[in-house]
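This briefing walks through selected features of one protein model, grouped by topic. Please read it beside the sequence and the coordinates.

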Amino acid sequence: MNVSLSVWLLTVVALCALVAVDFFIGRKPHDVSLREAATWTVVWIVLACLFGLGLFCFGGGRPTGEFFAGYVTEKSLSVDNLFVFVLIMAKFAVPSQYQQRVLMVGVITALVLRGGFIAAGAAIISAFSWVFYLFGAFLIWTAWKLVEDARKEEHEEEYQENKLLKLAEDRFGVADRYHGTRLFVTEHGKRIMTPMLVVMLAIGSTDVLFALDSIPAIYGLTQDPYIVFTANAFALMGLRQLYFLIGGLLKKLVHLSYGLSVILGFIGVKLMLHALHESGVHVPEIGIPFSLGFIVLVLAVTTVTSLRASKKQERAAARRVATDAGSAGRR
């Protein structure tokens with residue numbers, strides 16, 4: 001797409017306005033109800049669909065297909081990120097009424113930083129076509145690592161702070177309790193961070209690390225920076241509400257990592273074929289309609305098998321409890 005500077009500016013302003021409205025509505029600390037989370041989740045999905053329809057009207061079917069393929073991929077990868085967000089919230093014992101503020105600021109930070117990743121990716125791709133080989137190989141390797149992590153059940157492990165976050169804590173110091181939504185307080189004449197700021201930094205920096213696989217993944221579906229940015233923006237901005245909506249269901253998605261590994265591996269192969277095609281090798285390329293259909297099918301199958309597996313695990317656990325109780329009664 002040939003997107004003018006004015007369209008870019010209008011898009012950024014519109015997204016900022018949507019974020020401001022979301023922030024204004026949720027500015028007062030409170031426990032987010034399922035109804036509120038569901039309502040805003042639907043709102044963000046509808047807005048993404050309307051944007052896709054706008055692309056269809058002004059750009060045609062191809063940009064629309066690329067946007068929806070990228071949006072669905074980024075959204076599914078974001079759901080996997082929620083596992084880590086749950087661990088971070090537990091690690092820092094964030095009060096429930098402050099969790100939405102943490103997620104809001106963390107997601108905005110991640111969105112701004114991801115903009116830099118997207119711009120860098122666009123510049124590298126335009127200058128070096130062979131980078132598609134690297135992106136493809138990286139995604140295939142990431143897919144394999146996801147399978148290994150799923151087998152090790154790493155989602156059950158405790159969150160480990162990164163070195164940069166630990167350095168900030170050592171440099172500025174951290175208060176021993178939360179002070180509402182304040183980010184800094186003064187204790188004994190020294191200005192120190194509150195746990196609120198630390199957990200915001202943890203959410204933002206963790207999401208940026210996730211961008212290392214999500215950005216190459218979406219560039220495997222489209223090389224248009226405008227579509228890459230907007231798909232990321234819509235996927236990220238609904239992440240806060242999704243956290244509260246499906247937070248209790250995350251443990252039931254036991255096969256999600258396997259599904260995401262299939263998707264990343266598929267996009268990695270797609271990138272390799274595209275790189276070979278760019279190098280003059282006559283190989284078939286995978287179209288966007290097939291890519292979108294494949295991604296949606298994998299996610300649907302993964303969700304169904306996950307829920308079935310979770311029910312079987314719950315039934316097996318209930319039988320074990322009943323058996324143990326019967327054995328104890330006989331003794």
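On the surface, Val42, Val46, Leu50 and Leu53 form a nonpolar patch whose accessible area together is about 360 Å². Patches are made of residues with over 30% relative accessible area and no salt bridge, with like charges joined within 9 Å and nonpolar side chains (Val, Leu, Ile, Met, Phe, Trp, Tyr) within 5 Å; the areas come from the Shrake-Rupley method with a 1.4 Å probe, and for residues only the protein chains shown count as cover.

The model is predicted, so local features need pLDDT of at least 70 and side-chain atom pairs count only at pLDDT 80 or more, whereas totals for chains, interfaces and linings use all residues. Residues are numbered from 1 along each chain as its sequence is written, and side-chain values use heavy atoms, with hydrogens and water left out.

- Helix H3 (residues 61-91) has 31 residues and reaches 45 Å from its first C-alpha to its last, close to the 45 Å expected at 1.5 Å a residue, the expected span being 1.5 Å times one less than the number of residues.
- H3 bends by about 25 degrees at aspartate 80, the bend at a residue being the angle between axes fitted to the seven residues ending there and the seven starting there.
- H3 is mostly covered, with 24 of its 31 residues buried; buried means under 20% relative accessible area, exposed over 50%, and partly exposed in between (1.4 Å probe, protein chains only).
- Because arginine 62 and glutamate 66 are four residues apart in helix H3, about one helical turn separates them.
- Arginine 62 counts as exposed at 60% relative accessibility, whereas glutamate 66 is buried, with a relative accessible area of 8%.

- Alanine 93 is found in the loop between H3 and helix H4 (99-127), and its phi is near 45 degrees, a positive value in a residue other than glycine.
- Most residues other than glycine have a negative phi.
- Alanine 93 is exposed, with a relative accessible area of 55%.

- Strand S1 (residues 184-187) and strand S2 (residues 190-193) pair in the antiparallel sense over four bridges, where two strands pair if DSSP finds at least two bridges between them.
- Phenylalanine 184 stands opposite methionine 193 in S2, and valine 185 has isoleucine 192 as its bridge partner in S2.
- The hairpin has two residues between the strands, and histidine 188 takes a positive phi near 55 degrees there.

**Helix H7**

- Helix H7 (residues 195-219) has 25 residues and reaches 36 Å from its first C-alpha to its last, close to the 36 Å expected at 1.5 Å a residue.
- H7 bends by about 40 degrees at alanine 211, and H7 is mostly covered, with 21 of its 25 residues buried.

**Separations in sequence and in space**

- Lysine 252, in the loop between helix H9 (239-246) and helix H10 (256-278), is partly exposed, with a relative accessible area of 26%.
- Lysine 252 and lysine 311 are 59 residues apart in sequence and 8.4 Å apart in space, C-alpha to C-alpha.
- Threonine 302, found in helix H11 (residues 288-330), counts as buried at 9% relative accessibility.
- Threonine 302 and alanine 119 are 183 residues apart in sequence and 32 Å apart in space, C-alpha to C-alpha.

Key:
A salt bridge is a side-chain nitrogen of Lys or Arg within 4 Å of a carboxyl oxygen of Asp or Glu.
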